[in-house]
Structures are given as C-alpha cells and as structure tokens.
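Here are my notes for you to read alongside the model. Take them one at a time, and keep the structure open as you go.

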Amino acid sequence: MSLVDQPHLCVSFKPLMIFLLRKECHHGFVNCVGMVEGSGQVMCESVDFDRAIHLTGYGKFHYEAFTACAICIISVGFQNGLSAYIFPAAQCELHLTSFQLSLLNVCFLAGGAASSFLWGALADSKGRRTILVSAHLLNSSVTLVCATNRSVTALIVCRFVNGVLIGGPGSIIFSYLAEFQPPNFRASVICYSGIFFTSSWLLLPLFAWLILPIELSVAWGPFFTLTSWRLFMIILVLPEVVAGLWFLRLPESPRFFVAKGNPRKALVVLRRMFAVNTGRQAKDFPVRNLLEDVRIETRIRNNLQCRGKTVKALQEMGAQFRTLFRAPLLYVTMLTTSIMFTNMFGVFGLGWWLPELFVRFERFHTLHPNTTATVKELALLTPPNSCKPSFDAAVIQSTVVMGIASLLANTLSGFFAGRVSLRVIPCTTMLSGGVSAALIYWLTSSWQNLIVASIFQSTMVTANMTIGSVVVELFPTSVGAMAICLTMCAGRMGAMLSNLVFGLLMDDHCEIPIFVVAASVLVGAGLCFFIPTGAQDKYKSCGFVGRNLVSFLVSGDHASAIRVVDKVPPQVAWMNDDCQKYFQSPIVDFKSANLINPESCKNAFSSDFCWDFVINCAGETKLGQTDPVYEEGILKLSLNCAKEAALRNAKHYVELSSGKMNSCEKVPHKEDGTVEPWSYIGKWKRQVEKQIGDIPNLKYTILRLATVYGLGDRTGLTPRIIVAAIYKHLGETMKLLWNADLKINTVHVTDVSRAIWFVCNRDDTVGKIYNVVDDADSSQGSISNILSELFGVKVDFCGNIVSAVVDLEGAADDANDKHLVPWAEVCRQDNIQNTPLTPHMDPELLLHKHLRLNGAKLKDLGFTVSVPAPTITNIKEVLDDYITMKVFPFSLAP
C-alpha cells in the first residue's frame, strides 16, 4: 500500500488517571427490589446518592435553593467590587491618600488570601450550611461597623475581616448548590449561577447611581456618622442578611451527611426535597436506605495511630500540595498560578482604579470644559476642598457600560468555549487586556477612556473565568480543589501587589503602575500559549490502548494521517521514550477535546478530508463509580463519537467494549451467548452495543476485550504485579480469595492493536461483535504461578467456601490498608516522588466472576495472536519499562 493510498484515522482515547492519592470506596446503584406497598408504588431498598437525589424530582425546592445561592453569589460580588465605588466617594471625607485607598483594597484581598484554604476544611467538618449562615451574618455585622465608623484604622481592619469572612461563601457556595442537583443538571446549573457574580458588578454602579448623589450627613457622637457612601454600604448589607437568614431555612447538603457517615440525616433532607418538589408526603419518598457512596472514615492498621480529624486533614492537604509541586504537575501548577497572578494583578489592580479615573476625568472637564487631558495630568489633579460626594452620574453610566460589556464578553466566551482550543480564549482576552491597559496612558477624553476601559474590564474578567475552567481541565480530580485554591491565592497575591503599586505611584508617577499592569498582563498572555493543548504536545498524551495503537500504526507505516483526541493535558500523562518518539511523527496530529460534549466532539472530527477509520478507545474505566458517571463517560461519549463518525461517512468505526458480559466457568463465552454483564462498566458498554446499531449509516465493529496487559498497563495485571512485589518486600505469603480456577482471560495490548487494524480492513466484519483473547485461557492460578516464580513469593488461596462468606468491601479495605503503606514507604526510599501506579484494588476485582472468552469467531477470519499467553518475560518487560521511567521502585524489582 502506497503512502497516498494509506487511510486517515481518527483515534479517541480515554482520559488519563494520574495516580490514586487516597483510598476511595464507591457503591454503584443497586436496583429497586421487592417492597410493593398498598399504593402499588415500588420502593427502593437501597440506592446510591445520585440515584436518590434524582428520585426527589426537580421543582420548587431546587428553585428556592438556586434563588438563595444566587443572592449569596451577588453578595460576594458586591463585597469584591464595592471598594471601587465607595472609597472614591469617601476619599474627601476621610482625607484618604492614594496609598490608604490601595491599603483598603490590599487588606480585603489579604483577608481572602489568608482564608483561601480555611473554608473548605471547615465546610467538610462543620457543614456547608453552617459556614454559609455564620459567614454571611458575621460579615454583614462587620460591614455595618465599617459603614458607621469614622476611624480609618477601623475601616482597614474591617475590610480585612470582610475579606476573610466573604471567602467562606465565595469558596463553598457552588459546592453547596451542586450537591442538591441531580447529575444531569449539575453542570448547567453551576454555569448559570456563575453569571450572578458578573451581574453584581453591573448592579453596583446602578445602586451607586441612585444612592451616592444623595446629600446626607448625620452624626451621632464622635464615632457614628451617616453619609451617602455609608448608606450605600448599609444597603449592600441587606442581600447578605437575606442570604444568611434564607440559608437558615434551607437544609444542610445531603451529600455532606453521607460523607460524614450519616445516611439517615441525608434521607431526612431528601424526603423534604421530594415533598416540596412533588407536593406529596415525605413518607412516600421511594427510598428506604441510602448507600454511603462517599466515605471519610478509614481503618488504621499496623503502627498507624489515630491523630484526630484536624491532623488528618492537614496531612492530606500537605500531601496534595506536594503533589502539585512535583512532576508531572509542577509545570502545570507554576503555569496556571503565574497566569492567574498576572490576570488579577490587572483586573483587581487597574480594574479597581478605573472608577477613580472616571472621577478625575469628570472633575477635570468640570474645571476645564472643552479641554483634553492625559492620564498623567489627571494624576496631578488635586481633589476639591468640598466633601460633597464626587461620584456623579456620568461616572456611574460609564461603569454600567463596563458591566454590560463584561456580560456580553462572558456570554460570547461561553459560546466559543466548546468550539476552540483550551488556550484560545484566555490568550486572546489577556492579549486584548494588556494592549488596552497600555493605551489608557495616552487617552485624552472620557469617551476614549470608556471604550478602552470597557475592553480592558470585559476581557480581563472573561479571562479570569476561563483561567479557572482551564485549571479544572488541567488537574486531576484528586487535587483539583486544592489546585483551584492555590491558583486563586496566587491571583489574590497579584491583586494585593498591584494595589500597593497603584497606591504608592498613581499620584506622582501614574505611568509606572499603568505600564507595569500592561506588561504583566501581556506576559500572562504569552504564558497562555504554553497551556498544554495542541499539536506540539501530542506526543505526551493518550491512554494505555491508544498509545500502543498509535505506536503500532506509525511503526508499521499503516496510515498517512492519524488524529489523536484526548481531553487530558499532556503534562499529566506518563509515556516511555518509544511512545514519545512515535507521537512526534509528522503524521500524528493531537487535538484536545471533551468527547462528552457534542460540540467539542464535532470539533474533534473537523478536517479538510474524510476519515477512513474511527477507533473509539475512550470511556470511563475507573472502577467503583456511580451509574450517572458511567452513563455520561461511556454511553453518552460513545454515542457522540459514533454519530459523528456516521455523519462524516467514516468507512469503518471500531468500538472497544468489555469482555465482562457473562460469567462463564465451564465454557468460554461466545459473542452470541447470553449477555448478563457482571460489572458496571460492562453494563454500560452493553448499552453502547445495543444503541450504536440503531445509528443510520454507521459501519461499525465491536471488539470485546479480555484483561489487557502490556507496556503502559496500569489496571489490567499491574495491580496484581505490584501486590506480589509488596509481598516479596514483606516476606509474607500472598493469600488470595476463591481458588486457582477463577478465570481471568488475558490479551496482550499488541494483539488488541492488531485486532483493531484487522477488522478495519475487512468489510465482512461490519455490524458484528468479536471477542479478542489470547490462547492461554488464563486463570487466577496461572497468573499467580507466574508472579510467584518471578518474585519468589508463596501464593495460597482461601477457597470458595471461606471466600463466599467474606465481606468483599471490608476485605478490599483491609488489603488496601496493608498494601498502600509499604508501597508508599518503598517509593519514598527509592526517591520516587510521584507515580501513576498503585496497588489499590476495588471490591469489584474480588468478585467470584469468571472472565472467559471464546475467540474462535475472530480467528476463523484468519486472525492470530502474536503473544499467545502471559509469561515471565512479557510481565518483566512491563516492570522494566516502569523502572526505567522511574515510577516503579527498583528495590522491588525481581
């Protein structure tokens, strides 16, 4: 086959999981059973949290919770933005210098930075609702003191406390709101709620327009004074009080109760939600028991001692910090924190001073009509002797225009978010913000200032929001929350520094802070070019089967163009030198996309030519997840890919499925045999198999895989390999549940790649399902014999009778406690600071279920496996590769 005749391939790969920092135990949805009450309603004995909250319906309760959270978000926005409006009006009355103005801003930001990591820990221990109520009511009290006090020092202290307290609702309100939502509404509700923060910055100038011009001056004694700007602050307290009192009416998050091991309290909340939403009685809620799908408590084994929840939380926080500042996340951590630093250096530095510039422009035009002035001349303009509020209507109108511009920019960014690369929006907005910041110095009229300031404010606020979404995309879930806190802390540090620079230099050397902001934002725009996505990073991404498939296709010169699609960024993947070499091939094109999103999936397929073959290796593969997670990560993702392939007339679409479709011990399971999936992944893969057959014009083939192993394997045989190595280190017998006859059929990843290519090139495989399995008929006994010989450990089995009465979840917890501690110790001794490998085993791996497949159907077409069975040699090859990559301890090597 000549190069011109070679096909084009579009290959989608599953998101990469980096490593498991802590033990997690999740229950899936257990179907409704038995209990039929007199009403004829089927009651659910036990369901998981996501299923239970889905059964509450969607109605009045959710609307009320959303409204309360919206008021909370607006209050947070008010506190973040009021400095730009009240302090220019208060400057004359309190005789504030520019430095004191900046100090007020800095203290508020310092309070927020100081509490960045506090509120999450408190919310996890005391409850979300408790924090929301207490923080709002306390903060409203502090704001009242701030509004009525004449002391500048007291004002500064109060703004610091404001920053600390408002950080609570600002940090946890989205979590509180999300935990009441069913999975299918969760993401969209959070997106819609975010617009209220931007709306608050539009409402602030409107309220200021109505209140600040009021001529008001009332004094009671030496400490209490009421003027228009103080009245403005008092009025802004009202929504915060309303929010705090409204949260008293709302219940605690039911997911919090589940996480704390109180499913009964969670059921009380869920019944209340059901009653409010449906108008029926709470006792009619069709759930009697709630599975604890989130666990906080842990068992302590060996020499570990209980040190208290606070110490454990601090230890976990420290572990997450260490993870963020080690490879491979170090690069992403430094990049995102630097970008956020430069962004907030501008948006909360120059952005907070823009109303002051409007004030000075209006003051100059009042004194010198029909005359232009530069910003430098405005900086030298002395404030009037009169203490009449100087924040007039023209200034308010300008800030309203800026708010509208920000809303429009946010709306446009939401429209383009799924259609362009991850770095495009933050890079474009930061670049526009940097250029507009520099132009401010040369402005000579208020309307020029309005246009440029609107561009600056709208682009910088939009960039701030999109940088947050970039952080969510770049970091794994296990450290995502800490990454967001760290990024925001870095941003607040930038905002504090910027305000200090403006306060010290704005009056005498205004060009310095303006150009420093412009330079900083432009540096941030440049850093956005390095956000990991696009072709230059293609060689570092894609999952286990995917990377081996690309290596097979490139090394065999099978294609003229290959597109690799992956959501996860390159810096959080682990790939050996050989794979990197193949991914650097000019025929390989990497594209970042979230295939669960239809628009993003459509964008992933876009090309100047038609793809010949589309191979879907994507899907959620992590064990122990809930049904909604698998429904979205397997069914929705696969259907999106299949529909797009059919729409673009792909010649062949290959879907990788699960071999866990039936537990067959006596005879291998055939493709046309009874289908009874025995794993959650298998269940949702079966749904994919059923539904893609109904897609018009889709020429598909389905491959059901046995346990896949080989270079890059982390979840197939590798956990067993790691456990065997640990028992060698401990000098103990490795004892396994059940017996040696438990079937665990295998297939080498090279043969999976060969099978994919084999069916792609045959028209007679269209519309059919094939098992892909080697010739070994592997079992727990045969695999254990290889590991026993490789590591020199003894292996024993508990037997079926004893194993049948074992609590599998408890056994998995005990085993993980026993294995994870020595694994961590050996990794530390061998100076392995970060690794994607783990001995953690989910209870599903301990089930007495046989994975035994009949591969004759594919072999009858002429396909033969190149690796007929697992051997010491090919298992050791996997270990040697990981040792070379420095992710497996060399001291555990056989």
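1. Where does Arg-547 lie? You will find Arg-547 in helix H21, which covers residues 544–555. In space, the C-alpha atoms of Arg-547 and Val-749 are 10.0 Å apart, although 202 residues separate the pair in sequence.

2. A word on what you are looking at. This is a predicted model, in which local features need pLDDT of at least 70, side-chain atom pairs count only at pLDDT 80 or more, and totals for chains, interfaces and linings use all residues. Residues are numbered from 1 along each chain as its sequence is written, and side-chain values use heavy atoms, leaving out hydrogens and water.

3. Now step back to the whole protein. Of its 894 residues, 55% are buried. Its secondary structure comes to 32 helices and 15 strands; these are DSSP runs, numbered from the N terminus (helices: H or I, at least four residues; strands: E, at least two).

4. How far can you trust it? The average pLDDT, the predictor's confidence in each residue from 0 to 100, is 79 for the protein, and 79% of the residues score at least 70. Over residues 12–45, however, the pLDDT is below 50, and this stretch has 116 contacts in the model beyond near neighbours in sequence (contact: heavy atoms within 4.5 Å). Where pLDDT is low, the predicted coordinates should not be read in detail.

Notes: Buried means under 20% relative accessible area, exposed over 50%, partly exposed in between (1.4 Å probe, protein chains only).
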